[in-house]
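This report covers helix geometry, helix packing and a few individual residues. The structure comes first, then the notes.

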Amino acid sequence: ARGAEVAARAAYQRAVKGPDRDAKREAAKILDAAQARVEEAFERLTRNAMASTGMVLYPRPETATRIQAQLKPDEALVLYGLGSGTSLAVIVSKTTVRSVELGPSSDVRAAAEAVIASDPEQDPSKASRAARKLLVDPLGLSKQTKRLLISPDSTLGYLPYALVFDRPVTLTPSGSTHALLRRERHVPGKGVLALGNPTYGGAAPAGGRVFARGGSLTPLPASGPEAKAVGDTVLLGDHANETELREALTKTKRWRAVHFACHGIIDRERPLLSALALTPSAEEDGFLTALEVIAMKIPADLAVLSACETGVGRVVGGEGIVGFTGAFIHAGAPRVLCSLWKVDDEATRTLMESFYGHWNPKPGTGLSAAAALRKAQEEVRAKPKWKHPSYWAGWVLWGLPD
């Protein structure tokens, strides 16, 4: 199914360049049909995966006691639930489990959705305070709780938590997923593999409802210096393609991080067809989809998706957000740093350099990933030109906090 989809996409790209409108429409129909078959294949794989006990995307439910065993004394897990009526939060610490009511789910959902921090023309402070009153204040968190693990329900997965919480936050699909990831033991990786400034050459990105059919991908000149600044092994320009990426991933047993500085192309209805736009080559179309990532091995402590909207997908009840985050976690990266909206190139470069400077200076001496992200956001925010949350609050960490 994937091969047919790639061929249909290539045929569509050829048709787009021609003058025949009927040919374009026919190629688009064929492409949609091919992608529907890919989605059907994924759904079959998902059903099989849910029957398996070993997949991190769908772990066997854990008891509260087993989840508590994987928590550290200074952290708490908050599981939000938005029912048809009243919303609920369950707070799990090393020694206690308690629940609190948050109010009508419609009010909680509306308050979260009102926090529009991606628009530099809007002031989200009032909406953030309202969301804090409903989502944070009722939790009664103690000062001894230094960091939070949050399992968001529904659209709470799109809330910029750096605006409403006063301590580092890491998102997790569930308490069971956190326990499973915590039990996995890896020797820390070494070195950062960074990919940046792919050669797009005006190629029309085709495929998926959000792919700008007939449009083009603009160059990202700031992503090259970003990749150089954070990477030990760097793939730039023509080398930033799928083939060389796959080869580079095998060059060491485990990477400290794999960093993508490129365009992100999001398909909200078919999130597994969302793609990181790399350099096309003779063998590859240049679109590394979330579905392809699931089938790969990403031997890294962290995957950084330094592209627009890489934390966006499809909200699925009981599963959270289906998209890049789950794909990279399943592929072997227990932490994923991603974005909730379109990001500024220069602010992103500064934030990423700051993040790596705090997280990965030397083995055993840096901050945790969650704390390093919080620190980097504070440093970007301190610059007057980037004070608005649109420049820094959209970055979130999924998976393990340290």
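## Length of H11

At 1.5 Å a residue, the 15 residues of H11 should span 21 Å, and the 21 Å between its end C-alpha atoms agrees with this. The expected span is 1.5 Å times one less than the number of residues in the helix. Helices (H or I, at least four residues) and strands (E, at least two) are DSSP runs, numbered from the N terminus.

At the start of H11, a side-chain oxygen of Asp344 comes to within 3.2 Å of the backbone nitrogen of Glu346. A polar contact is a pair of N or O atoms within 3.5 Å; within protein, one must be able to donate a hydrogen and the other to accept it, and residues adjacent in sequence count only if both atoms are side-chain atoms.

## Basis of the model

This is a predicted model, in which local features need pLDDT of at least 70 and side-chain atom pairs count only at pLDDT 80 or more, while totals for chains, interfaces and linings use all residues. Residues are numbered from 1 along each chain as its sequence is written, and side-chain values use heavy atoms, with hydrogens and water left out.

## Overall composition

The chain holds 12 helices and 16 strands. Of its 402 residues, 54% count as buried, where buried means under 20% relative accessible area, exposed over 50% and partly exposed in between (1.4 Å probe, protein chains only). Among contacts with a separation of 6 or more, 70% are between residues 24 or more positions apart; contact means heavy atoms within 4.5 Å.

Helix H7 (residues 223-230) has Ser223, Gly224, Glu226, Ala227 and Val230 buried. Seen down the axis of H7, these buried residues fall within an arc of 160 degrees, so they line one face of the helix; the arc is that of the directions from the helix axis to the C-beta atoms. They pack against strands S6 (192-198), S7 (233-237), S8 (257-261) and S12 (303-306), and against helix H11 (345-359).

The axes of H7 and H11 are 10 Å apart, at an angle of about 5 degrees. That makes H7 roughly parallel to H11; angles under 35 degrees count as roughly parallel, over 145 as roughly antiparallel, 65 to 115 as roughly perpendicular and the rest as oblique. Axes are lines fitted to C-alpha atoms, for helices over the stretch in contact, and angles run from 0 to 180 degrees between N-to-C directions. Pro225, Glu226, Ala229 and Val230 of H7 meet Thr348, Arg349, Met352, Glu353 and Tyr356 of H11. The buried residues of H11 include Thr348, Met352 and Tyr356.

Ser339, in strand S15 (residues 335-339), is buried at 0% relative accessible area. Polar atoms of its side chain lie 2.5 Å from the backbone oxygen of Ala307 and 2.9 Å from the backbone nitrogen of Glu309.

His388 sits in the loop between helix H12 (369-381) and strand S16 (395-399) and is buried, at 16%. His388 and Pro120 are 268 residues apart in sequence, yet their C-alpha atoms are 6.3 Å apart. The side chain of His388 reaches the backbone oxygen of Asp119 at 3.3 Å.

## Positive phi values

Most residues other than glycine have a negative phi. Ser154 has phi near 55 degrees and is buried, at 19%. Asn197, in strand S6, has a positive phi of about 45 degrees and counts as partly exposed at 27% relative accessibility.
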